[in-house]
Amino acid sequence: MTIRHRSYFFDQGILFECRQCGACCTGDPGIVHVYHDEVESIARYLSVGVLSFIEKYLYTINREYGIKEHADGQCYFYQDGCTIYPVRPGQCRTFPFWFENLRSSKKWRQVSKACPGIGSGKLYYKEQILQIINSTFVDHANNIP
Ligand code: SF4
């Protein structure tokens with residue numbers, strides 16, 4: 001049986017619309033990965049050079065980049081909302097539809113408590129959700145400088 005034909009707790013879809021409350025951009029520290037192609041588009045959006053952008057906002061982790069956070073865990077790009085929202089990294093764009101969040105209904109309930117965008121807004125169909133999960137596994141290896 002393929003992944004698409006299996007039954008999941010989200011077979012009827014999930015309502016979600018980001019309210020830009022910032023709950024997932026602040027609080028506990030975490031790693032927000034940024035890939036090379038994303039680095040270029042964010043730097044362009046901010047009208048800064050790629051190298052100075054990397055120096056100011058990113059740190060290296062293994063062969064990738066992560067976004068710097070303030071001491072309290074707040075993302076460097078969060079100031080009363082995401083300041084790079086149109087070009088935010090794929091990791092942010094695909095939240096909360098991450099594999100780790102959707103692997104069980106119990107985990108999803110926990111995520112739902114922390115994200116007020118879940119439960120209202122646009123209906124995401126099972127097929128769309130599986131596509132989003134799949135997109136998070138895209139190999140960015142060729143984009144690493
Ligand atoms: S916690 Fe949910 S509603 Fe709030 S910014 Fe994150 S995704 Fe959007």
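Colleague: Among contacts in the protein chain between residues at least 6 apart in sequence, what percentage join residues at least 24 apart?

Modeller: The share is 68%. Keep in mind that this is a predicted model.

Colleague: Which elements does the chain contain, and in what pattern do they follow one another?

Modeller: Start by counting elements, then read them along the sequence. The protein chain has six helices and five strands. Their pattern is β-β-α-α-β-β-α-α-α-β-α. The radius of gyration is 16 Å, close to the 15 Å from the globule rule for 145 residues, so the chain is as compact as a globular protein of that length.

Colleague: What does the C-alpha trace span along its principal axes?

Modeller: The spans are about 45 × 35 × 25 Å.

Colleague: How many side chains are positive and how many negative?

Modeller: There are 16 positive and 14 negative side chains. The centres of the two sets lie 7 Å apart.

Colleague: Which residues of helix 2 are buried?

Modeller: To read a helix, list its buried residues, then look down its axis. In helix 2, residues 50-57, the buried ones are F53, I54 and Y57. They fall within an arc of 100° seen down the axis, so they line one face of the helix. The face turned away from this buried side carries the exposed residues L51, E55 and K56.

Colleague: What covers the buried residues of helix 2?

Modeller: The cover includes helix 1 (36-46), strand 3 (58-61) and strand 4 (64-67).

Colleague: Which residues of helix 6 are buried?

Modeller: Helix 6 can be read in the same way. Within residues 126-135, the buried ones are K126, I129, L130, I132 and I133. Their arc around the axis is only 160°, which puts them on the same side of helix 6. Among the elements covering them are strand 1 (14-16), helix 4 (99-102) and strand 5 (122-124).

Colleague: Where does T136 lie, and is T136 buried or partly exposed?

Modeller: T136 lies in the segment after helix 6. With a relative accessible area of 33%, T136 is partly exposed.

Colleague: How far apart are T136 and F99 in sequence and in space?

Modeller: Read the two separations side by side. T136 and F99 are 37 residues apart in sequence, while their C-alpha atoms are 8.2 Å apart in space.

Methods
Residues are numbered from 1 along each chain as its sequence is written. This is a predicted model: local features need pLDDT of at least 70, side-chain atom pairs count only at pLDDT 80 or more; totals for chains, interfaces and linings use all residues. Side-chain values use heavy atoms; hydrogens and water are left out. Helices (H or I, at least four residues) and strands (E, at least two) are DSSP runs, numbered from the N terminus. The radius of gyration is taken over C-alpha atoms; the globule rule is 2.2 Å times the number of residues to the power 0.38. Contact means heavy atoms within 4.5 Å. Lys and Arg count as positive and Asp and Glu as negative; His and the chain ends are not counted. The place of a charge is taken as NZ of Lys, CZ of Arg, CG of Asp or CD of Glu. Buried means under 20% relative accessible area, exposed over 50%, partly exposed in between (1.4 Å probe, protein chains only). The arc is that of the directions from the helix axis to the C-beta atoms.
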